[in-house]
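Me: I'd like to learn how to read helix packing and nonpolar cores in a model. Can you walk me through this one?

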Amino acid sequence: MLALTDLGQRLRQERESKGLSLEDLQKLTKIQKRYLLGIEEGNYEVMPGKFYVRAFIKQYCEAIGLDTDAIFEEYKSDIPSTQTEDMPQQLSRVRSRKEIPQHTKGVSKAYDYLPTVLVVAGVVVVGIIIWVIAQNIVSDKNKEQANQEAPNSEVQQSNTQEETNETTAKNDNSKSEDEQSAADKKEQEKEKAAKEKAEKEKAEKEKAKKEKAEKEKKDSGKQEYKEVQKTGRSATYALSGTDAFNLEVTSTQADTWLDVKNGKGNAFFSSILKKGETKEFDLTKETEARVNIGYSPGVELKVNGKAVDLPFDSSKQVRQVVTIQYQPAEAQ
């Protein structure tokens with residue numbers, strides 16, 4: 001294994017501190033695992049070219065929440081320059097006919113006979129299928145003839161046995177009718193109790209949901225969510241006019257790294273937010289919340305049930321940091 005560069009060691013430590021494996025990082029960045037491993041080991045020879053080295057390092061940093069500009073400045077001696085970029089080797093893989101080794105000519109001749117071989121094999125397979133079908137037809141005819149020649153006494157014996165079985169079944173059914181009736185009644189009562197319980201729970205959930213919606217509607221009518229400042233990829237907002245601070249984060253397009261902390265640095269969530277997943281946070285007791293989004297395209301934010309826009313265009317700024325300062329209405 002190659003010795004880690006300072007940059008590779010820094011990136012690996014940051015990735016592992018966030019509980020991410022190389023497979024998780026591959027899903028986030030869409031970069032093949034072997035290239036990510038090459039970045040950590042400083043083995044840039046596995047890359048298609050120097051331009052890709054810089055591009056992949058940038059995506060790696062953004063996915064784990066590092067400042068790309070600061071990393072490129074701090075480790076510029078470990079990152080190759082693109083001024084003397086060579087044409088990627090994979091663009092020059094076409095070889096002339098003269099460069100093809102002579103020992104491949106025999107293989108080419110073998111391919112000339114391949115269609116004939118395939119046709120012969122196909123004829124053999126069709127012949128086998130026809131033979132199997134014919135054998136099955138003959139077998140079915142023999143069975144049918146044997147059934148027609150069976151003695152009538154066997155048919156009569158079979159009918160007698162069926163009548164005996166039918167009589168026995170009727171007697172058994174008569175004996176078990178009362179037991180079945182009692183079991184059915186008990187089962188019906190059980191189903192009725194379960195249905196009533198489910199309806200009660202459903203009603204309670206709907207009531208709680210309605211009360212929550214009415215409260216959020218009441219609060220949203222007077223709450224204010226105003227931008228305070230923007231710089232780089234970070235923005236600060238002020239939330240006021242409400243006695244609640246509930247935050248919802250949903251990722252609709254792809255997995256993303258999500259880190260939610262309060263003003264004191266205590267983490268509420270620091271992991272991968274899966275595609276289609278929603279995380280809810282009750283931050284009413286906090287005065288500040290910091291939301292770090294590693295991959296912002298498709299990420300939706302809601303404050304007290306009301307959708308709010310991300311501070312930057314996600315197509316231009318993939319990683320975004322949103323800080324929300326909260327002051328309860330009763331304290332104003």
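Me: Which residues of α1 meet α3?

Reply: Bear in mind that this is a predicted model. On the α1 side you have Gly8, Gln9, Leu11, Arg12 and Arg15, and they meet Leu37, Ile39, Glu40 and Glu41 in α3. Sorted by class, that contact has three nonpolar, two polar and four charged residues.

Me: How do I read the angle between α1 and α3?

Reply: Angles from 65 to 115 degrees count as roughly perpendicular, and those under 35 or over 145 as roughly parallel or roughly antiparallel; the rest are oblique. Here the axes cross at roughly 120 degrees and come within 6 Å, so α1 and α3 are oblique to each other.

Me: And at what angle do α3 and α4 pack?

Reply: Helix α3 (residues 33–41) packs on helix α4 (residues 50–64) at about 90 degrees, with the axes 11 Å apart. That's why the two are called roughly perpendicular. Tyr35, Leu36, Ile39 and Glu40 of α3 make the contact with Phe56, Ile57 and Tyr60 of α4. By class, it's six nonpolar, no polar and one charged.

Me: Which residues touch the most other members of the largest nonpolar core?

Reply: Tyr60 again, along with Leu7, Leu11, Ile39, Ile57 and Ile64, out of 26 residues in that core. Two or more residues each come from α1 (6–17), α2 (22–29), α3, α4 and α5 (68–74). The largest share, seven residues, is from α4. Apart from this core lies another, of 24 residues, including Leu247, Leu258, Val291 and Val299.

Key. Residues numbered from 1 in each chain as written. Predicted model: local features only at pLDDT ≥ 70, side-chain atom pairs only at ≥ 80, totals over all residues. Heavy atoms only, no water. Axes fitted to C-alpha atoms, helices over the stretch in contact; angles between N-to-C directions. Helix = DSSP H or I, 4+ residues; strand = E, 2+ residues; numbered from the N terminus. Contact = heavy atoms within 4.5 Å. Nonpolar A, V, L, I, M, F, W, Y, C, P; charged D, E, K, R; others polar. Core = buried A, V, L, I, M, F, W, Y, C linked by side-chain atoms within 4.5 Å. Buried < 20%, exposed > 50% of the residue type's maximum accessible area, 1.4 Å probe, protein only.
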